[in-house]
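Visitor: I am new to this protein and would like a friendly tour. Could you take my questions one at a time?

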Amino acid sequence: MVAMAPTLVLLHGFTHTGQSWDPVVAGLGERYRALAPDLRGHGAASERQPVTLEVVIDEVAGSGGEAFTLAGYSMGGRIALHAALALPERVERLVLIGASPGIADREERIARRESDERLADEIERSSIEEFARRWAATPMLADQLASVQAAAEADRLRNSPAGLAAALRGLGTGALPPVWDRLGELQMPVVMVVGDRDVKFRAIAEEMVEAIEHAKLVVVANAGHAVHLEAPNAVARAIASG
């Protein structure tokens, strides 16, 4: 009898969809049964309500089965971290790409929530094409190769302004509670993946690795924040390692 491949659940970042993981899934080959759902507020789930962390974690739990590896990028990494803390018996491995446990300082978090609310209002007044161009120009993403930028833009255009605004309000950095003080609860192996040009998130990843018992850091050369888009084979190797 042929053993069934283990399940891998992949959570995309803000403005992306599950299709953004296609190059990574291709790099993994047959090693996993890979599931890359569209998170609420994005793609095929743009109109699904409510957009809350609790509901999204329930959907991750429902898709993964009894035990699974969980990976997430940026916003998806933040959600994956919360899901691993909520489902410690079921998440066998956790892979976080360009991710953060949130904003620890209360005043800074409030300011970010207010900023995210203003941005959500602006998104609702924009076309998806206008916002896609604006988001691609943010400093963390502006240094990507033209081919990577083109693929990311095509993926962003699968979204709607209303859906992205709802996702920002419900799942944005300002909306979710920080979990820095809970990192020690993670007992599964954790892999932190970050691009060497992503200075901010590399520093966050280094701090997280110190706080997690079974954690390792993978720094991908010549990559920025969106490592899974810029170096999908390196991310596939990081997911499959260990």
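Visitor: In which loop does Ser-74 lie?
Guide: This is a predicted model, and in it Ser-74 has a positive phi of about 55° although it is not a glycine. As for its place, Ser-74 sits in the loop between β3 (68-73) and α3.

Visitor: Is Ser-74 buried or exposed?
Guide: A residue counts as buried when its relative accessible area is under 20%. Ser-74 has 19%, so the word for Ser-74 is buried.

Visitor: Which residue has a positive phi of about 80° although it is not a glycine?
Guide: Look in the loop between β1 (7-11) and α1 (22-28). With a positive phi of about 80°, it is Thr-15.

Visitor: Which residues does a cis peptide bond join?
Guide: Go to the loop between β2 (33-35) and α2, where Pro-50 is found. The bond has an omega of about -5°, and the residues it joins are Gln-49 and Pro-50.

Visitor: Which helices do the buried residues of α7 pack against?
Guide: Helix α7 covers residues 161-171, and nine of its eleven residues are buried. Among them are Pro-161, Leu-164, Leu-168 and Leu-171. The helices that the buried residues of α7 pack against are α2 (53-64), α3 (75-86), α4 (106-124) and α5 (128-136).

Visitor: How far apart in space are Trp-180 and Ala-104, C-alpha to C-alpha?
Guide: Trp-180 is in the loop between α7 and β5 (190-195), and it counts as partly exposed because its relative accessibility is 24%. Setting aside residues up to four places away in sequence, Trp-180 touches Ala-104 as well as Pro-101, Gly-102, Ile-204, Glu-207 and Met-208. Trp-180 and Ala-104 are 76 residues apart in sequence, yet in space their distance is 7.0 Å.

Visitor: And how far apart in space are Ala-150 and His-12?
Guide: Ala-150 has its place in helix α6 (residues 146-156). With a relative accessible area of 46%, Ala-150 is partly exposed. Ala-150 and His-12 are 138 residues apart in sequence, and C-alpha to C-alpha they are 17 Å apart.

Visitor: Which residues have the most contacts inside the largest nonpolar core?
Guide: In soluble globular proteins, nonpolar side chains tend to be buried together. Here the largest nonpolar core has 49 residues, and its largest share, seven residues, comes from α3. Leu-94, for one, is in contact with residues including Leu-70, Ala-80, Leu-81 and Leu-186, leaving aside neighbours within four places in sequence. Those with the most contacts inside the core are Leu-70, Leu-94, Leu-96 and Leu-186.

Visitor: How many residues are in the other core?
Guide: The other core lies apart from the largest one. Leu-28, Tyr-32, Val-220 and Ile-239 are among its members, and its residues number 26.

Visitor: What radius of gyration does the protein chain have?
Guide: The chain holds ten helices and six strands, and its C-alpha trace spans about 55 × 40 × 35 Å along the principal axes. With 242 residues, a compact globule would have a radius of gyration near 18 Å. The chain agrees with that, at 17 Å.

Visitor: One last thing: what percentage of the residues count as buried?
Guide: The accessible surface comes to about 10900 Å², with 52% of it belonging to carbon and sulfur atoms. Of the 242 residues in the chain, the share that count as buried is 51%.

How values were computed:
Residues numbered from 1 in each chain as written. Predicted model: local features only at pLDDT ≥ 70, side-chain atom pairs only at ≥ 80, totals over all residues. Heavy atoms only, no water. Buried < 20%, exposed > 50% of the residue type's maximum accessible area, 1.4 Å probe, protein only. Helix = DSSP H or I, 4+ residues; strand = E, 2+ residues; numbered from the N terminus. Contact = heavy atoms within 4.5 Å. Rg over C-alpha atoms; globule rule 2.2 N^0.38 Å. Areas by Shrake-Rupley, 256 points an atom, 1.4 Å probe, with all protein chains shown as cover. Core = buried A, V, L, I, M, F, W, Y, C linked by side-chain atoms within 4.5 Å.
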